[in-house]
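User: I am new to reading protein models. Could you walk me through this one, feature by feature?

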Number of protein chains: 2
Amino acid sequence: MREANQGQMPTYPIVDIHTHVYPDSYLNLLRSRTTVPYIYGPPDGSPARLIILSSDDNPSIPKEQRGRPVDSTYSDISLKLSFMRKHSITTSVISLANPWLDFLPAQDASHWAERINNDLESICAEQHAKAKASRSNSASSGANTSTGETLPLNEYYSLFAFGALPLSAPDPNVIVNEISRLASLKFIRGVIMGTSGLGNGLDDPALDPVWAGLERTQTLLFLHPHYGLPNDAFGGDETVERYGHVLPLALGFPLETTIAVTRMYLAGVFDRFPKLGILLAHSGGTLPFLAGRIESCVAHERKFLANGGNVAGPRTSIWDVLKQNIFLDAVIYGEVGLKAAVHGAGSVDRVLFGTDHPFFPPLDGKDEQWLSVVTNRRAIDGAFGAESDAAKAILGGNAVRILNLES
Amino acid sequence: MREANQGQMPTYPIVDIHTHVYPDSYLNLLRSRTTVPYIYGPPDGSPARLIILSSDDNPSIPKEQRGRPVDSTYSDISLKLSFMRKHSITTSVISLANPWLDFLPAQDASHWAERINNDLESICAEQHAKAKASRSNSASSGANTSTGETLPLNEYYSLFAFGALPLSAPDPNVIVNEISRLASLKFIRGVIMGTSGLGNGLDDPALDPVWAGLERTQTLLFLHPHYGLPNDAFGGDETVERYGHVLPLALGFPLETTIAVTRMYLAGVFDRFPKLGILLAHSGGTLPFLAGRIESCVAHERKFLANGGNVAGPRTSIWDVLKQNIFLDAVIYGEVGLKAAVHGAGSVDRVLFGTDHPFFPPLDGKDEQWLSVVTNRRAIDGAFGAESDAAKAILGGNAVRILNLES
């Protein structure tokens, strides 16, 4: 997996817009809990376990074996920066990892959201200060960072962040206030959200103030799966267990995203909020591939018939929503999906590189470039040509423009 | 929706490989039943109802309103032929509509499969005899059928069929015997199957004799969804109900297919039966788009690690399975999906035109070309150019070659 450019700075921005962090405040929150999601620290001092899925919290398994070990890559920013350097990523837009803050008691939501978002802002601010100092040093020493020389670890690299929302707050105004506050923070560039919304999915009309707030502040929403599909969809617990994480992660996650955004579409969210911008994880789940079938099923649904239908159907074509409201990450692991994503998005300008770090590390533990990242890089180079304008746009240019990452 | 070529014969074969029929024997079988799937004939003589999904058999709804009316397009071959003529389809490979024969008591399976398959064979044989007579008449009268003149209804058009299997038979040998018998019938060109197999999904090792039988007789398996996903996947019954059939049909069906074939793949079916050929409905569900993610999740699944993994993972790449074992229909309603299907299949030679008739008729009831069919035709013409070699291959050439439709 060693590639020629390992550890070298590219001469153009490479931006990772899909990269997760559990900041210390979030880890502390999870440590304070005893029900999913929570972190369990065994009294014997063996590694703590992160248990974020109900299915992981199986009472027949000892607690010290449930879920997964709390990996230092989840929270250690220096490891994020090493990862960026190893893969020549100049800028990362970090986001809180799932399950975000949906589970919080209503009265705690605002407090934790603010605290975690402030943590994210501080992490970015600190790194920007370091990078600024490092750049000014290399400028005064005459070093040329554009020729691909290896740079010192942890320096030069930029961080921005997507904030988290207090979705369980008792009043949507609390959520809207946090959206407004986030828009005033220097390094926050949007918000990340799961598919449950206020608990009833993203077609819930009670979310309208949230969509309005995002639209008004021009805040990008990064929509990301967490729950997958019920195990019954895959043939039951035993079948899922047989193949490890493959069925829930490979198929459940993308379908969860597709269902969530399709429900928004069917409920007319994009008709009511035509300037709402959403970044869909994993190249839209399956949305680019299934958009035609969705459009056809809508056109053949008697409920939506203008005359005689008893429910208002979506007015905007799903293809137009893809071109006007939706951005897709390029975390799709192959040229077939990537080309379909670009084709569905209507332009190479709406697809953005990402890694899903710290997930999908190499299983052999070797300290080389990650197969998961290399696969996505190769798909971009293969589909559009290495160093082509299109590849550079997907790798970073689009993110810089859309998220205003120069400042 | 009126297109210039309505009612004219094309100068090259246009083959519909995804087109369903409920032959009289199947309707009689359904009429003889009182549990799903069944046909209910109200005693007052009002139209009979077809109730094929458990969710349709809602006890709080009067029986005469459950499911859908038994539409004559489901069984009337002259209506199938009119539909073909209207859309310039020269040949249809008809298949029994869902839910096929999975529900039969074990002792009845063989009897009904044989009876229904013989019905399908007779329907095709009868039409071939008519077409042969018609062609010989027009030859002797000097008419030129290649210049696009309008032909008499019900003549000229060819029918072949996919048979159904007695999957609930008490002994896999009964299924294998029917596969062998079908291979000897003149107009049968494969078998259609749902995703439940013998009741435990298509990764069930008990299906190995069936895969072996299909491989040995070089019988194509048309894999088609029926059950969709549990309503919980979509947010529950109320959410599904709100949008009519859109969520189950647009998203549930394609995911069901994807899950079924992914389970086959993960269980090593294509490693054990490398010559098994499968035609996937709806362009593979979402398989072409998600193949990269499936491949990546397999590569990162600790269970499948060659050293230290406790379960054998699939040996063949999913991309190779797409190129070696899988054919895709072109029922995807848009250029984005169609191009991804062709790209995923590795070649335009493995993608085949279909209509899904008699489903998705025009809601306005007007007797013009169907939007659902025109959308798929336009996607082919748009992606590859009308009358291009690639378009002709997808529209019919591939089916003629793969299914040997000349005889």
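Analyst: Start with one pair: A:Ser92 has A:Leu159 as its bridge partner in β6(A). The model is predicted, so local features need pLDDT of at least 70 and side-chain atom pairs count only at pLDDT 80 or more, while totals for chains, interfaces and linings use all residues. Residues are numbered from 1 along each chain as its sequence is written, chains are lettered from A and ligands numbered from 1 in the order in which they are written, and side-chain values use heavy atoms, with hydrogens and water left out.

User: What do names such as β6 stand for, and when do two strands pair?

Analyst: Helices (H or I, at least four residues) and strands (E, at least two) are DSSP runs, numbered from the N terminus. Two strands pair if DSSP finds at least two bridges between them. Here, β5(A) and strand β6 (residues 158-164) of chain A run parallel and are joined by five bridges.

User: Which other strand of chain A pairs with β5(A), and in what sense?

Analyst: Strand β1 (residues 15-21) of chain A does, in the parallel sense, over five bridges. One residue there, A:Asp16, stands opposite A:Ser92 in β5(A).

User: How do I read whether a strand is covered?

Analyst: Look at relative accessible area. Buried means under 20%, exposed over 50%, and partly exposed in between (1.4 Å probe, protein chains only). Strand β5 (residues 91-96) of chain A is mostly covered, with six of its six residues buried. A:Thr91, A:Val93 and A:Ser95 point one way. A:Ser92, A:Ile94 and A:Leu96 point the other way.

User: In chain B, how many residues of β6(B) are buried?

Analyst: Seven of its seven residues are buried, and the strand is mostly covered. B:Ser158, B:Phe160, B:Phe162 and B:Ala164 point one way, and B:Leu159, B:Ala161 and B:Gly163 the other.

User: Which strands pair with β6(B)?

Analyst: Strand β5 (residues 91-96) of chain B pairs with β6(B) in the parallel sense over five bridges.

User: What does an antiparallel sheet look like here?

Analyst: Take the open sheet of three strands in chain B, in the order β2-β3-β4, with antiparallel pairing. Its edge strands are β2 (38-40) and β4 (68-69), each pairing on one side only. Between β2(B) and strand β3 (residues 49-51) of chain B there are three bridges. B:Tyr40 has B:Arg49 as its bridge partner in β3(B).

User: How do I read the packing of two helices?

Analyst: Axes are lines fitted to C-alpha atoms, for helices over the stretch in contact, and angles run from 0 to 180 degrees between N-to-C directions. Helix α7 (residues 246-266) and helix α9 (residues 287-299) of chain A pack at about 35°, with axes 12 Å apart. A crossing is left-handed if the near helix is turned anticlockwise from the far one by less than a right angle, and right-handed if clockwise. The crossing of α7(A) and α9(A) is right-handed.

User: Which residues of α7(A) and α9(A) meet?

Analyst: Contact means heavy atoms within 4.5 Å. In α7(A), A:Thr258, A:Val261, A:Thr262, A:Tyr265 and A:Leu266 meet A:Leu287, A:Ile294, A:Glu295 and A:Val298 in α9(A).

User: How are chains A and B related?

Analyst: Copies are superposed by least squares on the C-alpha atoms of residues with pLDDT of at least 70 in both. A rotation of 180° with 0.0 Å of shift along its axis places chain B on chain A, at RMSD 0.0 Å. The two copies are thus related as by a two-fold rotation axis. In chain B, the C-alpha of B:Ala340 is nearest the axis, 2.9 Å from it. The copies meet through the same surface, because 100% of the interface residues of chain B are also interface residues in chain A.

User: Are B:Gln218 and B:Ser283 buried or exposed?

Analyst: B:Gln218 is exposed, with a relative accessible area of 74%. B:Ser283 is buried, at 0%.
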